[in-house]
Amino acid sequence: MKLNKLVLKFVSISFSILVMLLVVIGLIKLGSFCYDFGYRVFTEGPVEEEPGTDVSVDVTDDLSEYQIGKLLKKEGLIRDANLFYVQLRMSAYHGKLKAGTYTLNTSMTAKDMMAVMAAEAEESTESTENTEYETDSGSAGQSSSDGTKTDGAGEESQNTDENEQAGADE
């Protein structure tokens, strides 16, 4: 009877150790997969080296961002549709891809492809940002080399020394 209890205890402990080992191995595998996927999000290179192959892709309005990734994978432009989708969600191009026919190259990175497919939105954003920057950079009282000052609205006026001289001459 004591032998049966001892064997049962041994089997129970062995089973517990086996379950713990499987859990640890599973966590290591999961962690490794997640790390590799996360690393690829930021470092994934092009499918082919330069010069690559040009591929024409037709993106329609009814395609979701994930479906665009699947289309690019089917055409051989990317390696993983899930990876493209995550890269797109984390980029400035999220929600900005436009419908149209694009000629993409297998030597382009996913970010390059996103930039091409969102070109119209990017151009309008850049022009808006440049206008805002120019307005902010023209702060009041900045002097230029020709002795003029610009105010916040970009209008020029003479230096105060020159204005005082003009008033004294009158």
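This is a predicted model: local features need pLDDT of at least 70, side-chain atom pairs count only at pLDDT 80 or more; totals for chains, interfaces and linings use all residues.
Residues are numbered from 1 along each chain as its sequence is written, and side-chain values use heavy atoms, with hydrogens and water left out.

**View 1. The largest nonpolar core has 20 residues.** Such a core is a set of buried Ala, Val, Leu, Ile, Met, Phe, Trp, Tyr and Cys residues joined through side-chain atoms within 4.5 Å; buried means under 20% relative accessible area, with a 1.4 Å probe and protein chains only. Look for Val57, Leu72, Phe84, Leu104, Met113 and Met117, which touch the most other members. Two or more residues each come from strand E1 (54-59), helix H2 (65-74), H3, strand E2 (100-105) and helix H4 (110-117). H4 is the top contributor, giving four. Helices (H or I, at least four residues) and strands (E, at least two) are DSSP runs, numbered from the N terminus.

**View 2. Leu104 and its contacts.** Beyond neighbours within four places in sequence, Leu104 is in contact (heavy atoms within 4.5 Å) with residues including Val57, Leu72, Met113 and Val116.

**View 3. Gln87 sits in helix H3 (residues 81-90).** Gln87 counts as buried because its relative accessibility is 13%. Setting aside neighbours within four places in sequence, Gln87 is in contact with Arg40, Val41, Glu44, Ala110 and Met114.

**View 4. Phe15 belongs to helix H1 (residues 2-43).** Phe15 is exposed, at 55% relative accessible area, where exposed means over 50%.
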